[in-house]
Amino acid sequence: MMAPAAPPRRVITAAASRYTSRKLKGRGGQSKAPDSGWQERAWAFYDSTPEVRFAAQWISGAMSAATLYAGYLADDGKTIEPAPDNSRAAEIVAAIAGGPEGQAQLLGRFGPHLVVPGEGWIVVRPKKEGDGQDWHVLSVQEMRQQGQKLVAEIDGEPVEIPPADPDGGGEDTDPIGIRVWQPHPRRFLEADSPVRASLGLLEELHLLNAAVAAIARSRLTGRGVLLVPQGTRFPSTPVQGDAEDDLIEVFMEVAETAYREPESAAATVPIILEVPAEHIAAIKRLTFESDFDELALKLREEAIRRFATGLDTPAEVVLGMGDSNHWCTLPSVEIMTASGWKTYDQLHPGEPVLTLNHETGLSEWQPLQKVNTWDVTDEPMVKIEGKRHTSVTTARHRWPILTGKPKNRGRAWTTSAELADAARQDGPDAQREEYLILAAPSADLPTEPKYSDALVELIGWFFTEGSAEMRPGRSAPRVSIYQSRTVNPDNCTRIERALTALYGPESATLDKGGRYASPESVARRAEAKRLHRDNPRMTWTEIGRRLGVSGTMAKKYVMTEAKLGDDVPRWRRTDGTAEGMNVYKLNSAAADVILEHAPNRVVTLDFVRALTAAQLELFINTAVRGDGYMNGNAHVLGQKDPAMVAAFELALILSGRNPYTFERRGMGRTANGPRERVQHTVSGSRRTTFAPRGRSFTEENYTGTIWCPTTSNGTWLARHEGTVFFTGNSAWALKEEAVTLGVQPRLDTVSHALTTQWLRPLLQADRVKDADRYVVATDTAGLRVRGNRSQTALEVFKAGAISAAALRRETGFDESDAPTAEEEARRRTEEQPPGPEDGQDQEQQDQETDVPVDETEGEPDTLPASATPAGLSPAVLEAADSLIWTALAAAGSKLKKTPACPRSERSRAREIEPARLHTVLRVEPAQVEQWRLLDGAWPRLPEVAARHGLDPECLAASLDTYCRELIAAGIEHSWDLTPGALRTSCLAVAA
């Protein structure tokens with residue numbers, strides 16, 4: 001993806017140089033190294049002061065979210081344009097640090113070095129094996145000069161870096177050291193940083209922290225002086241005998257305990273003392289409390305505020321009041337990885353996670369860059385609930401959304417708070433044209449199949465209708481697939497066709513010549529032969545005793561040869577114990593092919609990820625045929641083991657469907673009595689968006705851990721309470737001020753170093769023309785947050801305040817979506833008011849074309865049909881009504897044998913009239929054709945058409961279309977709907 005054209009170049013106050021052997025000369029010819037003593041103190045504050053560490057890590061996280069690209073300076077010397085993708089500069093920049101993941105780590109690791117000491121080193125070392133380089137970010141403390149060489153400490157080992165040759169010499173295998181620093185205005189070679197200017201303030205903060213800690217301790221142990229009468233003692237206890245405790249010693253012991261263990265009872269519970277009444281008035285307490293106690297707390301708060309102001313970032317970042325903090329979700333929310341769903345504490349940077357490319361609308365696997373977590377207290381959270389969606393996020397959490405009508409939708413970004421505010425303004429039941437994205441087809445599916453369709457289908461049958469049982473004496477399980485030839489003959493045909501395509505025709509026996517010997521049997525046979533050969537006088541019984549078998553078996557081992565398998569896959573069909581059940585058995589060679597991708601009937605996710613789009617559909621439909629059902633347009637599958645539905649769920653996701661996972665519980669009978677059964681069910685719908693209403697939003701406060709990942713696309717696929725949706729990873733989506741002040745200058749420092757010390761030297765060595773005009777640029781678009789302004793843009797556009805191009809930009813369209821000149825002219829013509837002579841026709845046309853679009857999922861109140869013909873004779877209506885009922889009855893009889901009617905529902909389906917079965921079992925429009933429900937449903941139609949003088953082809957098309965719509969809508973036929981089923985054109989012959 002080409003990076004966008006950058007704004008005019010900033011004035012970069014940065015410096016970088018490769019290590020050379022020349023020495024710096026000061027006055028009088030004496031070498032003078034830059035002053036770096038303050039850097040040790042700065043690092044000490046990084047280790048001891050939370051505010052310093054937080055500022056450094058905040059910059060680190062923000063820089064890691066930027067991306068590098070190769071740019072080319074325009075003729076004005078300011079504008080940076082993206083270099084062509086096939087240019088040498090683009091190739092070099094793309095290879096920096098091994099690619100996007102390494103570049104994110106490189107930029108992120110440099111953040112603390114530019115905030116704390118103001119400088120760091122990049123060491124580039126060629127890999128020991130293969131092409132490419134290893135890139136390391138090191139601190140000044142990890143670099144030391146040794147003679148003419150620089151020694152870097154990398155992974156605990158010294159690495160010598162020879163000085164760079166100004167004339168371009170040196171070996172290609174030599175490491176390269178690049179010093180990157182923010183120069184001090186007073187002396188260019190000295191590094192500068194915001195922490196350097198705050199060292200005195202941090203010393204003050206350190207003292208105030210110590211004072212506050214001392215105050216806290218003093219309130220436990222030094223609350224003043226207690227005056228007691230001389231000789232007052234604690235009474236003795238039975239354990240002490242006649243001895244008595246000195247009162248002063250007891251107070252000292254309690255004070256020491258409170259100091260050592262502040263959480264102990266001694267720190268808060270008063271000492272109970274029983275003394276004579278005449279002594280109570282003499283016990284007095286003198287306090288030395290000072291106003292400094294409260295002043296120290298205020299001074300510390302002021303010091304933190306001053307430090308935050310002195311940083312090159314908005315002060316709200318450190319003070320925790322900025323909108324850039326805590327854009328996350330709950331710890332229970334999972335993310336889809338290449339190995340399945342994971343929570344944040346199970347993630348590892350670099351592993352593939354599923355993201356949404358909001359420009360193309362397709363899902364993509366991308367390496368996880370970072371896992372961001374925070375602990376919050378009373379954090380305002382926004383909960384969004386609706387059909388097939390539940391999420392709880394912080395108010396500033398970002399969402400990729402679709403806007404507008406279904407046929408003309410744009411793409412935009414918004415936040416949870418903006419969604420909630422806009423929805424509330426419209427009312428609890430109003431539905432805005434803003435849609436959360438629940439699913440998207442995968443852009444990474446292979447175009448060429450890795451596996452045969454027969455294997456994909458067989459694995460679908462095996463994990464839903466198969467078994468893998470270990471047999472005694474065998475090292476591999478016996479794989480079988482079960483299917484009823486009486487209830488599902490079509491399924492049996494499909495299974496046999498797939499088995500034949502994969503393994504060849506059915507075999508009479510699974511193992512050639514009988515049962516094969518197991519590896520254990522082969523080993524025992526070899527040991528028996530050895531014992532008999534080495535000890536000819538040993539009896540069969542003795543040999544058998546050594547092997548743990550009978551003497552007869554020992555003799556058989558010695559006198560016969562083992563029958564070994566020929567590794568030819570075979571299959572055969574047998575009758576099962578249940579009536580009408582086919583059992584398809586596979587030998588070990590055939591089973592190995594299946595078990596490689598579905599061990600223990602659990603299909604591996606790697607297998608699903610390798611399927612083409614067509615094979616995903618085959619896998620999904622086969623699983624539903626085997627042990628699932630259709631609920632409307634949703635594919636539903638349930639299994640006892642949640643691992644067995646994971647592959648089915650991933651297949652739904654990659655195919656662009658939205659899965660919903662839930663549990664079904666019920667009581668079942670076992671040999672030990674009744675017990676609860678749990679079925680893990682996944683329902684995959686083609687409904688890929690969700691438009692929240694005002695009542696969908698609630699607010700609540702949350703205390704605990706919140707998290708979100710960082711990805712290149714700025715999105716990720718999440719699952720919460722069984723619902724799946726794409727959302728934004730917004731940990732580092734920042735306001736313009738935060739990027740401009742805190743992040744961009746430091747990115748410029750690193751990119752300047754990479755440009756002058758890496759990119760341009762390589763381009764000059766390759767004799768690339770205009771090498772000095774190429775730069776390493778940074779793209780911070782993923783860091784910047786923009787609210788959803790599509791509705792505002794539309795209103796301002798109508799008022800004439802912005803252009804059509806601006807409207808397209810704000811609603812997610814680009815200039816390729818702009819209408820052509822011909823389209824503009826036609827639109828202006830259509831918008832002109834009608835003349836007197838054609839006003840009536842225009843009014844009629846408007847009434848016919850202004851059809852409302854219903855996007856609800858509920859059952860429609862009326863069935864879409866042609867206008868009701870007038871003047872129909874009762875005989876024609878009765879004939880059409882009879883034909884419709886006959887066709888629906890035929891379709892219902894077929895519907896009982898489809899996946900829409902699972903085995904659990906067939907007994908109930910028998911009690912329903914076939915012509916009304918489609919009102920109970922939902923059928924998708926495409927499935928009417930797929931299952932051939934209306935094939936052969938019109939045997940008497942030609943006779944009826946001839947009798948009433950109707951066009952038979954037109955009548956057949958009219959009634960067939962009507963019945964298809966009726967079945968797909970799940971509406972029962974009635975006499976009142978019959979006129980609407982007949983097209984006017986079909987009555988022309990009758991007229």
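**Local features and helix contacts**

Colleague: In which helix is Gln 757 found?
Modeller: This is a predicted model, in which local features need pLDDT of at least 70 and side-chain atom pairs count only at pLDDT 80 or more, while totals for chains, interfaces and linings use all residues. Residues are numbered from 1 along each chain as its sequence is written, and side-chain values use heavy atoms, with hydrogens and water left out. Helices (H or I, at least four residues) and strands (E, at least two) are DSSP runs, numbered from the N terminus. Gln 757 is found in the helix of residues 736-765, which is α21.

Colleague: Is Gln 757 buried or exposed?
Modeller: A residue is buried under 20% relative accessible area, exposed over 50% and partly exposed in between (1.4 Å probe, protein chains only). Gln 757 has a relative accessible area of 14%, so the residue is buried.

Colleague: Which side chain does a polar contact of 3.4 Å join to that of Gln 757?
Modeller: A polar contact is a pair of N or O atoms within 3.5 Å; within protein, one must be able to donate a hydrogen and the other to accept it, and residues adjacent in sequence count only if both atoms are side-chain atoms. At 3.4 Å, the side chain of Gln 757 is joined to that of Thr 756.

Colleague: What is the phi of Glu 721?
Modeller: Most residues other than glycine have a negative phi. Glu 721 lies in the loop between β33 (715-720) and β34 (723-728), and is exposed, with a relative accessible area of 53%. Although Glu 721 is not a glycine, its phi is positive, at about 50 degrees.

Colleague: At roughly what angle do the axes of helix α15 and helix α16 cross?
Modeller: Axes are lines fitted to C-alpha atoms, for helices over the stretch in contact, and angles run from 0 to 180 degrees between N-to-C directions. Angles under 35 degrees count as roughly parallel, over 145 as roughly antiparallel, 65 to 115 as roughly perpendicular and the rest as oblique. The axes of α15 (residues 540-547) and α16 (residues 551-559) come within 7 Å and cross at roughly 95 degrees. That makes α15 roughly perpendicular to α16, the crossing angle being roughly 95 degrees.

Colleague: How many degrees of arc do the buried residues of helix α3 cover?
Modeller: In α3 (residues 88-95), the buried residues are Ala 89, Ala 90, Ile 92 and Val 93. They lie on the same side of α3 because the arc they cover around the axis is only 160 degrees. The arc is that of the directions from the helix axis to the C-beta atoms. For α3 its value is 160 degrees.

Colleague: How far apart in space are Val 678 and Pro 642, C-alpha to C-alpha?
Modeller: Val 678 lies in strand β30 (residues 673-685) and is partly exposed, with a relative accessible area of 25%. Val 678 and Pro 642 are 36 residues apart in sequence, and in space their C-alpha separation is 9.8 Å.
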